[in-house]
Amino acid sequence: MPPAFAKRRWVLPAALVEDLYPQPRRPGGRPRRTARDWAVDFACFLLAVTIGLLAADALDQEPGLSPAMAVADQLIGALACAAVWLRRRWPVGLAVAMVPVSLVSATAGGAVLAALFTLAVHRPFRYTAWIGGASLAVTPLYYWMRPEPGLPFLASLVIAVLLAVTVLGWGLLVRSKRQLLLSLRDRARHAEAEARLRAEQAQRLAREAIAREMHDVLAHRLTLLSVHAGALEFRPDAPRAEVTRAAGVIRESAHEALQDLRQIIGVLRAADSDDAGRPQPTLAALDALVAESREAGMKVTLAERVPDPDAVPAAVGRTAYRIAQEALTNARKHAPGTEVTVRVTGAPGDGLAVSVRNAPPRGEVPPVPGSGQGLIGLTERATLAGGTLEHGPTPGGGFEVRARLPWG
């Protein structure tokens, strides 16, 4: 059970707590009563006793009631009131037992109502219909045998039936509210499961996209590097020893990079690429990205940037570019017309920091389908690059994406 509910468990019925947050217990064991259960049980017992005492005071006014019958009535009523404490354990059995009891004991009237209420709350409608109908059916017989002093038969019957129907309806209303709460719980759990599946699918798609990009660009360029390095070994226009030594280093580095690339592709790739050889941007293209966004109508400010973007490693620069690109796209979708500030700072050994912040949106912005999936892909991309990415609202009501990437 979540901590917030664990602290407020006492305000919920034990049966509802058991359904909402099942807990392991011994076979045949029953959920323990909560503080609310004890309060409700005591209130039902007190109500049954109060009604019984009022009925006992009126027994001497019944014509033709023998003293022995009056004593028996009160004894049966006391036992019925005591049985109210068993209403949660045996709601059907208690309600069935109260049908004949209601025929012979006036002081058991409160216990009969408590039993009918418990039956309507804890059991399906078919039990309430049959047992409640039987209890209503014997009501005319009771008032025929023991008419109410000073009250016509029809009036007594109408009052008793209305009281029983009200109690049964109240119990059915309580049960429907509990069923509604359980259905909302199930819908919430299904929604959470679907959200997790969508997040996992978005993560998988992001991995596949990264795998395609790495294969289509890095593998292609590294293969060309290996080919040219092999040709460099045999260049006749340089000292042979120097050319051979340099070419050997280039070739060895290229082969090591290809091995690492194959290992990552083996984990990530799930589909074939359909756009091999496409050019990939680097951090040097950030100015062009900002200019393109401005041409599209955005208010973008490039507050800080790396003095020499060409010095940033290509993989790190490309990741930073993609983060800025996706963040600008999100700002255009979720906060159109607001000012966006882009910052890219860092130095070798300190890492590369990317920040894209937008001001609060003006007015109500219609929801955009698939919101949040791009941020999942950015987080995956930053993690694969060896960095971290955080995102969330700013104190002023805007939104910020912050990433930190390694730059050795």
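**Group meeting talk: a walk through a predicted model**

In terms of secondary structure, we have 12 helices and 5 strands.

Let's go to the cores. The largest nonpolar core has 30 residues, and the ones touching the most other members are Leu283, Ile323, Leu328, Val344 and Leu352. Where do the members come from? At least two residues each are supplied by helix 10 (286-295), helix 11 (314-334), strand 2 (339-347), strand 3 (351-358), helix 12 (373-384) and strand 5 (399-405). Which of the elements gives the most to this core? That's helix 11, with 8 residues. There's also another core apart from that one, with 17 residues, including Ala48, Val84, Val112 and Leu116. As a bit of background, nonpolar side chains tend to be buried together in soluble globular proteins.

Leaving out neighbours within four places in sequence, Val344 is in contact with Leu283, Leu286, Glu304, Arg305, Val306, Leu352, Ala353 and Val354. So what about a polar residue in that part of the chain? Look at Ser293, which sits in helix 10. Is Ser293 buried or exposed? Ser293 counts as buried, because its relative accessibility is 5%, and the cut-off for buried is under 20%. Again not counting residues up to four places away, Ser293 touches Met298, Val300, Leu328 and Arg332.

Helix 3 (residues 35-57) and helix 6 (residues 109-122) pack with their axes 6 Å apart, at an angle of about 145°. Which residues make that contact? From helix 3 we get Cys44, Ala48 and Ile51, and from helix 6 we get Gly109, Gly110, Ala111, Leu113 and Ala114. Sorted by type, the contact residues are 6 nonpolar and 2 polar, with no charged ones. Ala48 also belongs to the core of 17 residues.

Next up, aromatic rings. A pair of rings is described by the distance of the centres and the angle of the planes. The count for this model is 4 aromatic pairs. One of them is Phe45 with Trp85, a tilted pair at 5.6 Å centre to centre and 40° between the planes. Phe45 is in helix 3, while Trp85 is in the loop between helix 4 (67-83) and helix 5 (91-104), so this pair ties together parts that are 40 residues apart in sequence. Phe45 is partly exposed at 24% relative accessibility, and Trp85 is partly exposed too, at 27%.

Then there's Phe117 with Trp170: ring centres 4.9 Å apart and planes at 50°, so that pair is tilted as well. Phe117 is in helix 6 and Trp170 in helix 8, so the pair ties together parts that are 53 residues apart in sequence. Are these two buried or exposed? Phe117 is buried, with a relative accessible area of 14%, but Trp170 is exposed, at 54%. One more thing on rings: Trp38, Phe45 and Trp85 form one aromatic cluster.

Last stop, Arg146. Find the loop between helix 7 (125-145) and helix 8 (153-232), and you'll find Arg146 there. Arg146 carries a charged side chain, and yet Arg146 is buried, with a relative accessible area of 9%. What does its side chain meet in there? The side chains of Arg146 and Asp73 are joined by a polar contact of 2.8 Å. A polar atom of the Arg146 side chain also lies 3.1 Å from the backbone oxygen of Val104. Beyond four places in sequence, the residues that Arg146 touches are Leu59, Glu62, Leu65, Met69, Asp73, Val104, Ser105 and Ala106.

While you're at helix 7, click on Leu141, which lies in that helix. Leu141 is partly exposed, with a relative accessible area of 38%. Leu141 and Leu157 are 16 residues apart in sequence, and their C-alpha atoms are 9.7 Å apart in space.

Definitions and conventions:
Residues are numbered from 1 along each chain as its sequence is written. This is a predicted model: local features need pLDDT of at least 70, side-chain atom pairs count only at pLDDT 80 or more; totals for chains, interfaces and linings use all residues. Side-chain values use heavy atoms; hydrogens and water are left out. Axes are lines fitted to C-alpha atoms, for helices over the stretch in contact, and angles run from 0 to 180 degrees between N-to-C directions. Helices (H or I, at least four residues) and strands (E, at least two) are DSSP runs, numbered from the N terminus. Contact means heavy atoms within 4.5 Å. Buried means under 20% relative accessible area, exposed over 50%, partly exposed in between (1.4 Å probe, protein chains only). A polar contact is a pair of N or O atoms within 3.5 Å; within protein, one must be able to donate a hydrogen and the other to accept it, and residues adjacent in sequence count only if both atoms are side-chain atoms. A nonpolar core is a set of buried Ala, Val, Leu, Ile, Met, Phe, Trp, Tyr and Cys residues joined through side-chain atoms within 4.5 Å. Rings of Phe, Tyr and Trp (its six-membered ring) pair if their centres lie within 6.5 Å; planes under 30 degrees apart count as stacked, over 60 as edge-to-face and the rest as tilted.
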